[in-house]
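Please read the report below alongside the sequence and the coordinates. It takes up the chain as a whole and then turns to the metal sites.

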Amino acid sequence: MKKMRSINKCLKKSTVLVIILILYSFSMMGLIVYEIESFEKIYIKLRNYFSIINDVVAGRKQFDVLLEPMKEFDYDYQEYENLLSSHKTDTSYKKSLLAEIRNFANFLRNYERDKLLEHDKIIRISYLSLIIGSAIIIMFLIILNNRVKKYIKKVVKKIGDISDNMYISEVPVDKAVFEEDVMINNSIHNINLVQSIYDIFKHLPINTAIEDFTFTVGSYLCNLFNSQRFSVAFIDWETENVIAEVAHILIPNIVPRLNAGFTQKLFDSSLGEMVRENRLTRIINDLEERYNLTQSESTKLILEEGFKSNLTALATINSRPFGFFFLSSEKKGNYTERDAKLFASISGVLSYRLYYSLTIQKLLSYFANSLVNLVEFKDNETGNHIKRVSMYAKIIAEELNLSPKLVREIYEFAPLHDIGKVGIPDAILLKPGKLDPEEWEIMKTHVTNGVKIIEQFQKDARSIMEPQSLVVMKNIIAEHHERWDGKGYPDGKKGEEISIEGRIVALADVFDALTTKRPYKDAFPFEKAVEMIIQERGTHFDPNVVDAFLKKIVDIRMVYENLKD
Ligand SMILES: [Fe+2]
Ligand SMILES: [Fe+2]
């Protein structure tokens, strides 16, 4: 491939060429002047000698004055010298001398002609090379000048394109001619990248759970930064803790070690430094080396997952940090300063979406808590009952390998299963002893009451959150009295017609009712209650849910013991 030059280098080169051209012209002109001058000298000298020869021939000067010029011009003067030294006086002697002088004069004439031709040739060649050399250099300069001009025109057009398109669509990237083009093309790439980030926002639903956010954004960012793990963590400013959210990992079969809920003190880690110094990004290009230095628990866990380098960005809202974005790679030294800059600007925009999701998620959770508190005012049986049902449901959901989002929603929304009880008259709700059939029918309406409350909320809040966000909550309320065999209420749904969250909460709720004292019954011992659950495997309860419950019976027992009434 042809080596690319920078425009700066080209301009430097043209300056050097101009200097060479000037020096070359001067030297050629010097050479011409020198040649003319040196020929002039010879010419004057020869004229002088011709006049001496004339004087000698005319007898105005002695014959021997010609010896010196003969020697000077390397003329064969031996014969002439011999004639002179013979001191003869006859006319033949004089004739011989004059013949020698004529020869010498001819010699000088030839010499003059040769010299003239020689100098003339050099001068012609000098002129010619001056013209050819200058022409080549000037041509070169014109080509260079045109290229630079074209390039500048192109750059101006490119800048125009960028300002015209950067907020609308992708800016086209053309082939680089100069090194500066590479720089401009890189900037265009960055602009296009940010542009496509905006595009993913368009595709993100208005209310996205944190887990959906991590998944959607993570897939994209991992691809962009050649990474295999993306996660977020939030700062709890009350406790100054950093709490990890679930990670999106691209490599199959990796056992996640740094799980959702992992907590560490903010200012015990270098994340604290980022916050204190308001540093937007942090690159750790060798996690192993970092672990040897800091012995940080989170670094250890992420190393155990098989990651070698990490890029972190601060999540801020109105300049106030509230969390972090993390990218990790299986390769050491995966991240450059350029990556960090780009990640910082992307994170700046992503922060707002993340904060929105976090706010909606929190709001939903506060809303759920308020509803639960409302029921607690009326119904004494709640309190620890809802906490235990939540815990049991979470344990079963995890054992069934449900998605982290579903596990969280089951845990958060299970307490709501009986909110419809706010509409049940106290005489029935708080009646000691068994309900008669009519009262029992009224009692059953707590399910449809609950569903109505949620549906109204769903309708009212539809401008700020997708109805989808409340599906798990609604299913738990609507289906916690349905049975696997279809003999439940209110709809008599059967088998997998009932959502998994409905099937799980149904078991958790019954199991807790069995193990606690109610106005109309005593508490069954733990083992007896477990036995009753097993008896209803495949009739009242989903066999898979029963199996998961039994597999985790040690954990279930722990909750039962710790949260006893
Ligand atoms: Fe209920
Ligand atoms: Fe209940």
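## Burial and overall form

In this predicted model, buried residues, meaning those under 20% relative accessible area with a 1.4 Å probe and protein chains only, make up 44% of the 565 residues in the chain. The chain exposes about 31,100 Å², of which carbon and sulfur atoms supply 57%; accessible areas come from the Shrake-Rupley method with a 1.4 Å probe, and for residues only the protein chains shown count as cover.

The radius of gyration, taken over C-alpha atoms, is 51 Å, whereas a compact globule of 565 residues would have a value near 24 Å by the rule of 2.2 Å times the number of residues to the power 0.38. Along its principal axes the C-alpha trace spans about 180 × 50 × 40 Å. The chain contains 19 helices and 7 strands, which are DSSP runs (helices H or I, at least four residues; strands E, at least two) numbered from the N terminus.

## Basis of the values

Residues are numbered from 1 along each chain as its sequence is written, while chains are lettered from A and ligands numbered from 1 in the order in which they are written. Local features need pLDDT of at least 70, side-chain atom pairs count only at pLDDT 80 or more, and totals for chains, interfaces and linings use all residues, with side-chain values using heavy atoms and leaving out hydrogens and water.

## Iron ion (ligand 2)

The iron ion (ligand 2) is coordinated by His385 (NE2), His417 (NE2), Asp418 (OD) and Asp509 (OD), at 2.3 to 2.6 Å. Donors are N, O and S atoms within 2.8 Å of the metal (3.2 Å for Na, K and Ca), and sites may look incomplete because water is not among the atoms.

The arrangement is irregular because the 4 donor atoms subtend angles of 81 to 156°; four donors count as tetrahedral if all angles lie between 85 and 135 degrees, four count as square planar and six as octahedral if opposite donors are over 155 degrees apart and all others between 65 and 115, and anything else is irregular. His417 is buried, with a relative accessible area of 0%, and Asp418 also counts as buried, at 7%.

## Iron ion (ligand 1)

Asp418 coordinates both iron ions, ligand 1 and ligand 2, which are 4.5 Å apart. The iron ion (ligand 1) is coordinated by Asp418 (OD), His446 (NE2), His480 (NE2) and His481 (NE2), at 2.0 to 2.3 Å, and its site is irregular, with angles of 84 to 173° among the 4 donor atoms.

His446 in helix H14 (residues 437-460) and His480 in the loop between helix H15 (471-479) and helix H16 (500-515) are 34 residues apart, and the pair links distant parts of the chain. Both His446 and His480 are buried.

Note on methods: Buried means under 20% relative accessible area, exposed over 50%, partly exposed in between (1.4 Å probe, protein chains only).
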